[in-house]
Amino acid sequence: MTKDTKIEVPAVEGFFTIEEETHLIGGRFKKSGSFCFPKSLGGSDPDFPEDEIEEVLLSRVGKIWSYTNSAYPPPPPFIAAEPYVPIVIAAVELEEEKMVIIGQVVNGYSVEDLSVGMPVEVKVGTLYEDSEYRYLTWMWKPLFEEQKQDKN
Amino acid sequence: MEDIAILGVGMHPWGKWGRNFVEYGTVAARKALDDAQLEWSEIGFISGAITVRCGYPGYVAGSTMARALGFNGTQVASSYAACASGATALSVARGQILSGACDVALVVGADTTPDGFLAPNDGIRTDDTDWLRFHMVGATNPVYFGLHARRRMEMYGATQEDFALVKVKNSKHAVFNENARFNKEYALEDISASPVVSDPLRLLEICTTSDGGAAVVVSSLDYAKSLGVDNPVRISAIALNTPTYPDPLIDLPYLATDSSANTVPNEIGFKESIGEHVYEEAGIGPEDVDVAEVYDLASSMELDWYEQLGFCQLGEAESLLRDGSTSIGGRIPVNPSGGLGAFGEAVPAQAIAQVCELNWQLAQQAGKRQVKDARIGITANQGLFGHGSSVLLRR
């Protein structure tokens with residue numbers, strides 16, 4: 001990310017941490033052991049009534065379940081860049097949590113670069129900006145084989 | 001549960017008319033009353049399907065339609081379930097009839113839609129997942145259709161040509177439908193020349209937003225008999241399912257699926273459960289169905305429905321399409337009306353419009369798009385936030 005004097009803030013609080021090894025913030029149901037994202041808006045297991053949710057950091061790495069793009073600028077409340085560059089979106093499966101989470105793919109990738117099953121990690125990226133702030137959201141970044149080996 | 005009778009149906013043609021939705025609803029209601037040969041004063045209950053776009057939620061649809069037809073003290077209810085609103089309104093009417101609260105009811109839905117993508121209402125709502133998916137991700141409805149279409153390609157080897165062929169088929173059906181917005185027959189080349197909206201789906205494969213209205217007059221079988229209608233098209237079952245936790249499939253408007261970390265998902269998925277419900281309630285199986293109207297927001301979704309409604313096994317939808325089984329004249333014609341691809345979405349009207357089409361099919365009144373000897377028909381639909389809907393009709 002380019003460095004300037006802009007202050008980086010999440011577009012909406014409470015969805016992810018802002019750090020190099022960023023994480024999505026989810027919920028974990030104490031009794032059922034099930035997860036949800038976002039932490040306060042997930043469905044609950046009817047077999048575990050009145051289960052409590054604790055905040056947890058979700059797995060950073062997952063695999064692409066499917067992917068697409070939006071060739072046309074989405075309408076508000078999305079704030080589209082001008083000129084608009086088509087956003088790419090991936091639905092990513094987290095192995096431990098056994099759930100699929102959607103998010104934009106970081107800038108610079110097109111659908112041709114992606115495939116189902118491709119490993120990705122969660123990052124933060126710019127959703128939109130004004131003169132003072134850069135508003136961030138979570139984004140998926142492809143992890144190529146060599147990087148994966150580095151991590152191992 | 002006992003069947004109810006369809007006495008009449010009516011539609012206002014779909015289009016981009018830009019007029020007040022009340023006008024479309026009134027036209028559709030009057031046509032349905034004429035078709036039933038009943039006066040508005042004879043209706044015991046009016047059930048309205050609500051739109052959220054046209055001012056104070058559809059002016060609370062049932063009462064606004066009643067006022068347009070002339071307030072006369074009739075009983076009224078209004079239902080909102082997004083795209084499943086029409087089926088919900090029909091179900092409310094069925095409940096009134098089968099409980100004996102009324103003999104005959106009018107169900108009506110109409111909408112005037114803006115151009116472009118459907119989007120949340122104005123305002124900032126960080127606790128509304130429908131608002132969040134647009135703001136934080138840019139996930140429009142076609143984005144979700146694209147995700148599932150790509151997944152279908154990956155899982156079952158579907159191709160972009162398969163998706164285009166759905167549109168080709170449905171456009172051929174729509175040529176004979178005066179209520180459809182698009183009556184043009186499209187060739188494969190037309191579709192592949194249209195721009196990609198959400199990869200792998202193209203503009204001509206994604207349903208647009210339309211103005212339109214649809215209405216149905218329904219009654220008890222005894223009341224139908226008292227009018228001399230001995231063999232009406234009947235509604236044998238209605239499904240209004242929610243999903244079952246954990247639902248492992250990503251669906252709009254959510255940012256994530258449920259987690260299956262500690263619970264195994266139900267063997268029968270959400271969409272499959274919608275058809276299962278009406279089959280069970282009607283005591284029949286998918287092999288008995290002669291014709292279907294399914295919710296093809298995108299052409300790829302129609303293929304999913306073939307499997308979800310049990311017309312074929314998983315992964316076989318493309319062959320069912322390609323061998324002509326789902327065209328008029330085939331084994332199980334799907335979307336003989338032309339489907340949403342030819343109509344566009346007029347949200348509170350569309351589940352009712354599906355019932356209108358199947359009524360015409362089963363009454364052998366569908367003209368050049370008639371499915372020969374159709375006796376059993378099924379609709380499938382789905383409303384935002386987990387509202388399944390299906391109606392089973394037979395004669």
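Two strands are said to pair if DSSP finds at least two bridges between them. Helices (H or I, at least four residues) and strands (E, at least two) are DSSP runs, numbered from the N terminus. The model is predicted: local features need pLDDT of at least 70, side-chain atom pairs count only at pLDDT 80 or more, and totals for chains, interfaces and linings use all residues. Residues are numbered from 1 along each chain as its sequence is written, and chains are lettered from A and ligands numbered from 1 in the order in which they are written.

**A sheet in chain A**

Chain A has an open sheet of three strands in the order β3-β2-β4, with antiparallel pairing. Because β3 (35–36) and β4 (53–57) of chain A stand at the edges with a single partner strand each, one side of each is left without a neighbour in the sheet. Strand β2 (residues 25–29) of chain A runs antiparallel to β3(A) and is joined to it by two bridges. A:Arg28 stands opposite A:Phe35 in β3(A).

**Contacts between chains and domains**

Residues are in contact if their C-beta atoms, placed from the backbone, lie within 7 Å. By this rule, 43 residues of chain A are in contact with 39 residues of chain B. On the side of chain A that touches chain B, at least two residues each come from β3, β5 (61–70), β6 (87–94) and β7 (99–105) of chain A.

In chain B, the domain assignment (bounds from an automatic or database assignment) gives domain 1 (4–114 + 211–234) and domain 2 (139–207 + 235–394). The C-alpha centres of these two domains of chain B lie 24 Å apart. Their contact takes 37 residues from domain 1 of chain B and 36 residues from domain 2 of chain B. On the domain 1 side, the elements of chain B that give two or more residues are β1 (4–15), α3 (85–98), β4 (104–111), β7 (211–219) and β8 (233–239).

**Two helices of chain B**

The axes of helix α1 (residues 21–36) and helix α2 (residues 61–69) of chain B come within 10 Å and cross at roughly 65°. α1(B) and α2(B) are therefore roughly perpendicular (65 to 115 degrees) to each other. In their contact, B:Val22, B:Gly25, B:Thr26 and B:Ala29 in α1(B) meet B:Thr64, B:Met65, B:Ala68 and B:Leu69 in α2(B).

**Residue classes**

Ala, Val, Leu, Ile, Met, Phe, Trp, Tyr, Cys and Pro count as nonpolar, Asp, Glu, Lys and Arg as charged, and the others, Gly among them, as polar.

| Contact surface | Residues by class |
|---|---|
| Side of chain A that touches chain B | 28 nonpolar, 11 polar, four charged residues |
| Side of domain 1 of chain B that touches domain 2 of chain B | 22 nonpolar, 11 polar, four charged residues |
| Contact of α1(B) with α2(B) | five nonpolar, three polar, no charged residues |

Conventions. Two residues are in contact if their C-beta atoms, placed from the backbone, lie within 7 Å. Axes are lines fitted to C-alpha atoms, for helices over the stretch in contact, and angles run from 0 to 180 degrees between N-to-C directions. Angles under 35 degrees count as roughly parallel, over 145 as roughly antiparallel, 65 to 115 as roughly perpendicular and the rest as oblique.
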